[in-house]
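This report describes selected features of one structure. The sequence and model come first, and the text follows.

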Amino acid sequence: MTEVTAHSGLLSKVKVHVEDPGGPGRPVVLIHGWPLSGASWSEQIAPLTAAGLRPITYDRRGFGSSDKPSKGYDYDTMADDLAAVIDELDLQDVSLVGFSMGGGEVARYISRHGQDRLHSVVFASAVPPYLAQTDDNPDGPLDQATAEAMEGGLKSDRDSFFPEFVTKFFSVDGTLKATPAQVDEAVALCQQSDQTAALDCMQAFAKTDFRADLPMVTVPTLALGLNAWSFRDRSQGRHARARRASALGYCLVLAGSYLGGHLVFCHRVGVDHSQPAPPSRGFLAVLPEADLTQDSPHQVHYEGAAVVLVLHNRRITAVSALCSHLAAPMSQGWLHRGELVCPWHGSRFDLQTGCPATGPATAPLTRYETRVADGQIEIRPADPSLTTSRSDTPAGASQ
Ligand code: FES
């Protein structure tokens, strides 16, 4: 269990309650629906863990065990809360799963914070693209009268509203598909919500238009959500709307494929920019040992390849001089707690392994072995298969 401070500053510190089992699995952040909490994902935790993943849940501000401030229930703020969780836990290669209202945070997170830390996203029966039925969104599933009835019910008697809402939510064609115990459990989670939070979030998910956010989502899982939407509409006899959702899904798959290819092949986004090592010619002298100063990256060359030498804690390490993210000159970086920091976007690299400790870089820096002979620092390309072995040399350890 973790408490993440989502926003700091005058009058605006908000603690977000996070459940994170830790471990080496790829992180999956599960974002709950309205008006529940992270505990609503309890049934999904075991299978995700069994699949080798690291399922992380958190309670949206105003719900569950998180702080319940009097404001901040707009999607910009709530997406920033999600970013705070991801940043605080230093998650990389994350899958975001947004259920219902939680899909809004997924879409807005991407438009505000990008996809550098993401592996994929899932919109599970989610509110994007736009729930409200308006003149420019005539197919929006939430009309004004229904929205007002929901709001009025919650305002007048929340103790009656929640059981009724949950029962409807768990029913298909009037038949309840959950056990009474599951209904009670969900109602208990609803009751943990703050009334202001519940009402303001109702406005947020009903009235936030995500149509401008969605083009920034370039993962095909969005199409699965639209296809699911299409299936639901077909089963309810709304064939025209189903066809549009399905067509939009296919268009997004095609657009995502084109955009992904364009970004990779034309702009080299996501490509490893770390310069590969040239063929090894064995150890070559690159710098007098006396010229290398503590914690000050120094660029040298090995057979034309730029390499950075670092002396830290009396050990000399050598890695590619180009950041694997976008080829920043690592010789202009600095040391932070023994890690080499990229000067452009702050990726931190483990000096022993070359692996990124924090992103946005995801690929390791090419490593070189080092030694000191006759007062000269010598390097040669390290065996790339030994990604976790040490390839450094104690300073002054002449061989
Ligand atoms: S160039 Fe972006 S993190 Fe290094």
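## Cores, a helix pair and a sheet

Leaving aside residues up to four places away in sequence, Ile-31 touches Leu-82, Leu-96, Val-97, Gly-98, Phe-99, Gly-102, Glu-105 and Val-106; contact means C-beta atoms, placed from the backbone, within 7 Å. The model is predicted: local features need pLDDT of at least 70, side-chain atom pairs count only at pLDDT 80 or more, and totals for chains, interfaces and linings use all residues. Residues are numbered from 1 along each chain as its sequence is written.

Ile-31 is also among the residues with the most contacts inside the largest nonpolar core. A nonpolar core is a set of buried Ala, Val, Leu, Ile, Met, Phe, Trp, Tyr and Cys residues joined through C-beta atoms within 7 Å, where buried means 20 or more other C-beta atoms within 10 Å of the residue's own.

| Core | Size | Residues include |
|---|---|---|
| Largest | 53 residues | Val-29, Leu-96, Phe-205 |

Helices and strands are DSSP runs, of at least four residues (H or I) and at least two (E), numbered from the N terminus. The axes of H2 (residues 75-88) and H3 (residues 102-113), lines fitted to C-alpha atoms over the stretch in contact, come within 8 Å and cross at roughly 80°. H2 is therefore roughly perpendicular to H3, a term for angles of 65 to 115 degrees.

Elsewhere, 4 strands form an open antiparallel sheet in the order E13-E14-E15-E16; pairing requires at least two DSSP bridges. E13 (334-336) and E16 (356-358) are at the edges, each with a single partner strand, so one side of each has no neighbour in the sheet.

Note on methods: Axes fitted to C-alpha atoms, helices over the stretch in contact; angles between N-to-C directions. Parallel < 35°, antiparallel > 145°, perpendicular 65-115°, else oblique. Buried ≥ 20, exposed ≤ 12 C-beta atoms within 10 Å, placed from the backbone. Contact = placed C-beta atoms within 7 Å.
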